[in-house]
Amino acid sequence: TRTFNVVLNTWAKRGTREAGAKANELLLKMEEMSAVYRDRISQPDIISYNTVLSAWSKSAGYGGQAPSDTKEIVGEEAAHKALELLDRIERQSYRIKPDRISYSTTIAAFANAAQTCESGILMAQKADALISRMRDRMGVEPDDYSFNGVLLAWSRTSGGMSSARHCESILRSMRNPTNVSWSTVINAYTHAGGALEAAGLLKEMEDRARDSARHQSSKHASNTLSIVVYNNVIHAWSRNTDPDASKYAEAILKRLESGSSSLNLPKPDVISYRLVLNAIEHSKDPNKAERAKSVLDRFIASIPTVSDPNTINTQLKDNMQGAYNSVLAACAYTPSNAGDQARNNAARILVETLRDLNNSKDVTLGPNQESFSIFMQGCTHLFRPGSSDRALLIKSALQECCEGGFLTAKIWDKFCNASSEEDVQSFLSGIEKGDGSFAALPCDWSRNVAP
């Protein structure tokens, strides 16, 4: 049995689409050998069954239709296979009994399936029902892992605020919910658009952490909440329609930056800054350009200094690029009724941000096609039509764009629409057979355009 369990565990840990079917196939062979040869050595034990349940749980996390020429069973079907196996274990209670792990792993299967199938709410209801079943049928008391699996299932449905509130009701029924429990419910409200509810739960988490710290010695009072929790609430505000939503998101960021004397707050990470910039970018605040630039400056300052900027990892560079583009967008889409001072500030920051991006110490970081497109949009929106400043900025940006190989049809159209016929012809003067269409432009000008 031990040897078979090692192989079963290999499939469960691999967690591939076919893991559940392969592990179950081996389990059936174990049962067959045990029955035919009356061989107790190959007789499955509770570890065998729980391991196969784990494999089914992993397969349940894969969506899509399994190819007909394979033995793959995924998504909702895999979750139901886990439930069928649990039924079989219960029927063998004279020999072997399902334990807490058996039920919790089956719950996890439905939680994983909830995010991959259309009937997510049904999957959550199945997970929910297993809590009562483990108590009533086998007298097994659910633990944190069991409840957290049900919470995860409900948080992954498309049930909106109704599912999020059900999540919270489960949370309130738990004797000792963990930080994972609270975080999962906050995540449910985040995806349901319940920013106010998510923020309220975060405050409760902080209050609980303070109470816990007061009852512990300073040596153990490190009740730091995860940055993921704070990012979820920031994300909730970034998607909220409240006129002050971006300010609430930024207030959380500033609190993380400043720290707290009564709570071990986590430091903001790249995601924190990107989410706040996204919230500011899409707000209608007349001063959003200045606010976005301030957040960008603090983000750049938070990045540890390295001797060679070119050693910064690709993911961080992508986020830095996105942060600069968010500031450009905040400038470009400053409300028309923002007032002269706010619009002038936005115009100044627009130019400064593109310049800073061009002058980055990291030679691999610079404007991309999105940067140039947003910049031209900003020039068109913030500078007076026909002004020499506008014409010069747009022409200079287009020149840089073409030299960098980032020209797209959209950028070319923006240049043509914002420029005089004379300026367009002047730009095309050195091009053979240039008829003004994008198709006639040199391919080299678009060599680095992302698909």
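Reader: Is glutamate 352 buried, partly exposed or exposed?
Author: Glutamate 352 counts as partly exposed, because its relative accessibility is 23%. Buried means under 20% relative accessible area, exposed means over 50%, and partly exposed is in between (1.4 Å probe, protein chains only). Keep in mind that this is a predicted model, where local features need pLDDT of at least 70, side-chain atom pairs count only at pLDDT 80 or more, and totals for chains, interfaces and linings use all residues. Residues are numbered from 1 along each chain as its sequence is written, and side-chain values use heavy atoms, with hydrogens and water left out.

Reader: Which residue forms a salt bridge with glutamate 352?
Author: Arginine 348 does, with the closest N and O atoms 3.4 Å apart. A salt bridge here is a side-chain nitrogen of Lys or Arg within 4 Å of a carboxyl oxygen of Asp or Glu. Both residues lie in helix α16 (residues 340-358), four residues apart, about one turn of the helix. Helices are DSSP runs (H or I, at least four residues), numbered from the N terminus.

Reader: How many salt bridges are there in the whole structure?
Author: A search finds 21. One of them joins the side chains of arginine 298 and glutamate 257 at 3.1 Å, N to O. Arginine 298 is in helix α14 (residues 288-302) and glutamate 257 in helix α12 (residues 245-258), so the pair ties together parts that are 41 residues apart in sequence.

Reader: Which residues are linked with those two in a network?
Author: The salt-bridge network links Glu250, Lys254, Glu257, Asp285, Arg291 and Arg298. Within it, aspartate 285 and arginine 291 form a salt bridge, with the closest N and O atoms 2.8 Å apart. Aspartate 285 counts as buried, at 13% relative accessibility, and arginine 291 counts as buried at 13% too.

Reader: What is tryptophan 412 in contact with?
Author: Leaving aside neighbours within four places in sequence, its contacts (heavy atoms within 4.5 Å) include Val424, Phe427, Leu428 and Phe438.

Reader: And tryptophan 56, buried or exposed?
Author: Tryptophan 56 counts as buried, at 2% relative accessibility. That residue is found in helix α3 (residues 46-60).

Key. Helices (H or I, at least four residues) and strands (E, at least two) are DSSP runs, numbered from the N terminus.
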